[in-house]
Amino acid sequence: MESSSMSVSFASVAPYLLSLIAFLVFLEQISYLKRKRLIPGPAFVFPFIGNAVSLVRDPTKFWDLQSALAKSSDLGISANYIVGRFIVFIRSTDLSHKVFANVRPDAFHLVGHPFGKKLFGEHNLIYMMGQEHKDIRRRIAPNFTPKALAAYTSLQQVIILKHLMAWETLAFNASPAPISLRLLCRDMNLDTSQTVFVGPYLSQKARERFNHDYNFFNVGLMKLPIDLPGFAFREARLAVARLIKTLAGCTEESKAKMEAGEEPRCLIDFWMQETLREIAAATDSGEPSPPHLSNAEIGGHLFDFLFAAQDASTSSLLWAVTFLDSHPDVLAKVREEVAGIWSPESDTMITAEQLREMRYTEAVAREVVRIRAPATMVPHIAGEDFQLTESYTIPKGTIVFPSVFESSFQGFPEPEKFEPERFMENRQEDRFYKKNYLAFGAGAHQCVGQRYAINHLVLFIAMFTTLLDFKRHKTDGCDDLSYVPTICPKDDCKVYLSRRCARYPSFS
């Protein structure tokens, strides 16, 4: 009797519920079309979730479509709708620069990821702006001086060598099948980042937990932003909190070491050495200690560094292998240059001076970054309505995606061609077409660690090509783009490897 009464009651309200839902869907469509106006984009979007499913299922296809729509417009922009958020994709280099140049409270806010604040936290470096942001960047600068970079170079080579030797063993055991480099490069980069950033302060057990949590974070980046128990996004958010806590502990240990007068051995040491000087100077002048120097805040900034160094670098290493394999003439020039500067049989590391002499190898690295910009887009949110062009104003709350990938194929002569010579002294296309070379961003939030990133890529190319012979396992579509979350070859860069040098160097 009671269940029958409930059925009758539901049946009586069902039409009203359906009408309400239909009305909300109608309002959502009207809101979307009003924001979209005349710019290209889907005429109809799914209620509430928009095109989030197609984005998660096949991000390459989704962004290719946005690019094609933007290309069809004189404005160079296109629109879509994802989980209740209106988005604008920007293909035009000039409009991308306009976004980068207007990061401020009443214009655009850099977010790094469409739902980044939930993942990274409110006080992450990428969300800062104005004087506060300038002060933090000033404090970070000592981490990337020539002296600091030279110290990192030694650490990087030890890690790279260890992993290359392990890769050769894996390839031998897998023969005649190829091995996939994507996860191997990711693990090598994570090892490198941990060692360079906080090396002596992470125990082996802490490293294992760190790797486990970072994997949770990586998986969550590519999933729907459902912050509920059991969902990957929630696991990622909790993992980030644990990672930052670990890095805050490393910061505390480093402060104690630097206060005791020890020599800096990794990035956090250089940072804390300068931080202690700044605190001492404030104390001597009777001023309060500068803000944003707590262990937790610095741990958050370290995570930002690690995220930037980790996934973007993995992408560049994989594309370097891919393009060197498909361009044997470039590979031969790299090997010839490196052999004239460094020999593994010398049992010495590549010095900072020798690294600077590898001009052609650096040109290869820069061309890899140009033609396959790892972080293809840099998401921002419009804090207020912003007039992007004479005919289109971006509505407040819009997530804007300036495409640095698309900019790399504008301006440069024959942009689809892999040609490292464009970065050599006689051509200097990086200067002539500087506005199109946006792989490291532009404006106030331009990547502060880009020299470190290029050094890492050059060291990898020099050591990989000198110590190993390699050949790509070619299949149809193997070099197509795959978002994971930065772009990588679709087949995860499958290769055959064997040792090329007479013996590996000994850096002991």
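Biologist: Which residue lies over the face of Phe 412?

Modeller: In this predicted model, Arg 370 lies over the face of Phe 412, at 5.2 Å from the ring centre.

Biologist: And what lies over the face of Trp 319?

Modeller: That is Arg 372, placed 5.0 Å from the ring centre of Trp 319.

Biologist: Turning to ring pairs, how many aromatic pairs are there?

Modeller: The count comes to 24 aromatic pairs. One of them joins Tyr 32 and Tyr 81 in an edge-to-face arrangement, with 6.0 Å centre to centre and 65 degrees between the planes.

Biologist: Which parts does the pair of Tyr 32 and Tyr 81 tie together?

Modeller: Tyr 32 belongs to helix H1 (residues 2-36) and Tyr 81 to strand E1 (residues 77-82), so the pair links parts that are 49 residues apart in sequence.

Biologist: Are Tyr 32 and Tyr 81 buried or exposed?

Modeller: Both Tyr 32 and Tyr 81 are buried.

Biologist: What about Trp 63 and Phe 401, how is that pair arranged?

Modeller: Trp 63 and Phe 401 form a tilted pair, at 4.9 Å centre to centre and 50 degrees between the planes. Trp 63 lies in helix H3 (residues 59-71) and Phe 401 in strand E8 (residues 399-402), so this contact ties together parts 338 residues apart in sequence.

Biologist: Why does Trp 63 count as buried?

Modeller: Its relative accessibility is 7%, and buried means under 20%. Phe 401 is buried as well, with a relative accessible area of 4%.

Biologist: Which residues do ring pairs link into a cluster?

Modeller: The cluster consists of Phe 144, Tyr 152, Phe 197, Phe 270, Trp 271, Phe 305 and Tyr 452, linked by ring pairs.

Key. Residues are numbered from 1 along each chain as its sequence is written. This is a predicted model: local features need pLDDT of at least 70, side-chain atom pairs count only at pLDDT 80 or more; totals for chains, interfaces and linings use all residues. Side-chain values use heavy atoms; hydrogens and water are left out. Rings of Phe, Tyr and Trp (its six-membered ring) pair if their centres lie within 6.5 Å; planes under 30 degrees apart count as stacked, over 60 as edge-to-face and the rest as tilted. Helices (H or I, at least four residues) and strands (E, at least two) are DSSP runs, numbered from the N terminus. Buried means under 20% relative accessible area, exposed over 50%, partly exposed in between (1.4 Å probe, protein chains only). A charge sits over a ring if NZ of Lys or CZ of Arg is within 6 Å of the ring centre and within 35 degrees of the ring normal.
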